[in-house]
Amino acid sequence: MTIQAIMQGREGPIYSCTADDKVVDAVSLLSEKRIGALPVLDRGQVVGIFSERDFLYCIHKLGTAAMNMCVSEVMTADVITIDLQFSVMDALSLMTRRRIRHLPVVEGNRLTGFVSIGDLVKYRIDKIEYEAAEMRNYIQSA
């Protein structure tokens, strides 16, 4: 199972922000779309991630002044990316080891998707449930 299997059939935009966006605008987008993180893009390339965790750290440290800062000043810049051929299990392992919840999916240097740990777990559970149902059907038909 690869990330490509998860990305197939996905519709809708990938919400993102730029490094020059204000924190207040990025937080508004997170809230409005009810999502936990945004890839930070510069000319289509991923240069960071801005997450709820980043926001909490900066607001705790700087107070409300953080709202007027640029995303580049508070984002996680050491971004880990994966490609479509990355396995779901390897992605889950990577997220667990690195204590992260979101991974940008890139082809070359271009963002093509964004997956959360919830996406991966749901896909894995659905696959296991499908296999269990197939096994039950096989046993019952024998």
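Strand β2 (residues 37-42) and strand β3 run antiparallel and are joined by 6 bridges; strands count as paired if DSSP finds at least two bridges between them. Helices (H or I, at least four residues) and strands (E, at least two) are DSSP runs, numbered from the N terminus. The model is a predicted one, in which local features need pLDDT of at least 70 and side-chain atom pairs count only at pLDDT 80 or more, while totals for chains, interfaces and linings use all residues. Residues are numbered from 1 along each chain as its sequence is written, and side-chain values use heavy atoms, with hydrogens and water left out.

Within this pairing, P39 has I49 of β3 as its bridge partner. The hairpin of β2 and β3 has 2 residues between the strands, and R43 takes a positive phi near 55 degrees there. Strand β3 is largely enclosed by the rest of the structure, because 5 of its 7 residues are buried. Buried here means under 20% relative accessible area, exposed means over 50%, and partly exposed lies in between (1.4 Å probe, protein chains only).

Helix α3 spans residues 52-62, and D54, F55 and C58 are buried in it. Seen down the axis of α3, these buried residues fall within an arc of 100 degrees, so they line one face of the helix; the arc is that of the directions from the helix axis to the C-beta atoms. They pack against α2 (23-33) and β3 (45-51), where contact means heavy atoms within 4.5 Å. The face of α3 turned away from the buried side carries L56, Y57 and H60, which are exposed. After α3 comes G63, with a positive phi near 70 degrees.

Neighbours within four places in sequence aside, H102 is in contact with G36, A37, I49, M95, F114, V115 and S116. H102 counts as buried because its relative accessibility is 15%.

With a relative accessibility of 0%, I3 counts as buried. Its contacts, again leaving aside neighbours within four places in sequence, are I82, D83, L84, F86, V88, A91, V105 and L120. One of these partners, D83, is 80 residues from I3 along the chain, and the C-alpha atoms of I3 and D83 are separated by 7.4 Å.
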